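Colleague: Hi! I'm new to this one. Could you walk me through it?

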Amino acid sequence: MTEDKKREPHIRLTTHPGTGATSPFPIDWGNSDPLLRGPVIASVSQPSERNAIGVHGGTYSLYRALAVSAGSLDPMQKPDLKNTSPTVSIGPYTQWYDPDRIISLDPFGHIVADVYGDLIESGVDIRPTVAVTKAHLNLEEVHRAVEEKRLSIDGEILTEGGEVVVTKIAADPVWYLPGVAKRFGIGQRHLRRVLFEQTGGMYPDLVTRPDLQVFLPPIGGLTAYVFGDPEDLAKSETKITCRVHDECNGSDVFGSDICTCRPYLLHGVEEAIKSAQEGGAGLIIYNRKEGRALGEVTKFLVYNARKRQDGGDRASTYFERTECVAGVQDARFQELMPDILHWLGITHINRFISMSDMKYDAITKSGISVGERVPLPEHMIPADAQVEMRAKQAAGYFSLQEVPDKDTLNETVGRPVNDY
């Protein structure tokens with residue numbers, strides 16, 4: 001017998017290490033009392049107390065496992081949550097208690113040290129899934145906007161040094177599976193089976209533990225940047241400017257000019273600053289959904305396929321090449337996206353800095369109204385991204401600009417287009 005076999009004689013076919021017995025901490029999703037709702041416990045230090053599938057950390061959970069396997073992290077370590085509480089108060093709001101409004105994050109995830117303090121003190125390993133802090137953003141484009149007098153220094157939102165003062169919120173995904181299934185209009189059993197199969201059987205508890213209804217998927221979460229007072233977001237009289245942005249590392253970080261992602265993100269930031277300075281509030285939601293949630297490898301493969309096709313990159317085959325490579329044009333499925341808006345107490349967005357029908361439809365169908373949709377100014381569109389803009393227009397994205405009639409567009413894209 002090998003040394004590894006001697007150390008680990010018992011290996012269970014389950015992601016829920018323990019006996020499989022019911023957790024002493026059942027979850028009543030949507031209950032307004034956090035103690036009656038129950039804490040989300042996905043840590044592995046006390047297997048018998050776990051009441052969720054998966055583990056904390058999202059995409060970083062496997063790095064934690066590597067750290068444990070390398071001997072640099074004690075698997076029984078528990079976080080010291082002293083002085084980690086939010087820098088500003090958020091909630092509670094009535095949306096927190098509506099299981100149809102919030103099903104992809106834990107409404108109490110940022111205040112577990114407070115509301116579950118006694119349980120933590122008694123030894124229960126409960127961990128935050130949301131964190132709230134304050135930060136300063138130092139962006140070249142903001143400095144340029146000040147120089148060009150599109151923005152002005154006010155000393156509160158925009159400092160004398162040109163830095164933007166924000167409240168920053170990070171949230172890991174926490175899925176309430178019955179709610180996710182309902183949101184997508186599918187059966188919960190089907191959802192759990194497909195999640196199990198399409199992750200290569202990574203989480204057997206999805207199909208063997210129907211009593212566990214909360215799942216912490218190993219995917220990226222989101223970051224929210226609030227310009228102004230976060231409490232104002234829940235006030236009906238507050239004029240809110242919002243940009244919901246899906247990650248694009250090449251453009252957002254490195255300035256690649258093949259798409260409009262960074263320009264649109266920075267346009268959203270500039271408009272959010274203006275809104276806060278005018279007595280309203282600004283909000284940027286940044287979702288980790290690289291390459292339309294298909295990943296950078298797929299995205300770069302699609303770039304190659306589009307550039308090398310006969311006639312070069314063109315609007316008529318922009319989305320078609322993505323579907324040929326990935327099997328689907330877009331895997332972001334914005335149905336879960338509005339949850340963070342409900343968590344912040346938002347009921348109306350005055351100015352939505354986006355052309356996306358998918359985002360707009362998801363937000364309005366969730367019960368949040370939108371006053372105005374704001375397109376990216378023409379001068380901010382990189383030359384190489386013109387193809388993307390034409391393709392999005394032709395595929396039915398919202399635009400304030402005059403567009404050709406549908407027959408002309410059908411000839412352009414080679415397939416029917418949506419109504420405008």
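Modeller: Happy to! The protein chain's accessible surface (Shrake-Rupley method, 1.4 Å probe) is about 20,600 Å², with 52% of that belonging to carbon and sulfur atoms. This is a predicted model, where local features need pLDDT of at least 70, side-chain atom pairs count only at pLDDT 80 or more, and totals for chains, interfaces and linings use all residues. Residues are numbered from 1 along each chain as its sequence is written, and side-chain values use heavy atoms, leaving out hydrogens and water.

Colleague: What share of the 420 residues is buried?

Modeller: 48% of them, where buried means under 20% relative accessible area and exposed means over 50% (1.4 Å probe, protein chains only).

Colleague: Now helix H6, residues 140–147. Which residues are buried there?

Modeller: Glu141, Val142 and Ala145. They sit on the same side of H6, because they cover an arc of only 100° around the axis, taken from the directions from the helix axis to the C-beta atoms. Glu140 and Glu147, on the other side, are exposed. Helices are DSSP runs (H or I, at least four residues) and strands too (E, at least two), numbered from the N terminus.

Colleague: And what covers the buried residues of H6?

Modeller: The cover includes strand E3 (164–171) and helix H11 (261–277).

Colleague: New topic: which residues have the most contacts inside the largest nonpolar core?

Modeller: Leu341 and Trp343, in a core of 41 residues. Such a core is a set of buried Ala, Val, Leu, Ile, Met, Phe, Trp, Tyr and Cys residues joined through side-chain atoms within 4.5 Å. Another core, of 22 residues, lies apart from it, with Phe196 and Leu336 among them.

Terms used:
Contact = heavy atoms within 4.5 Å.
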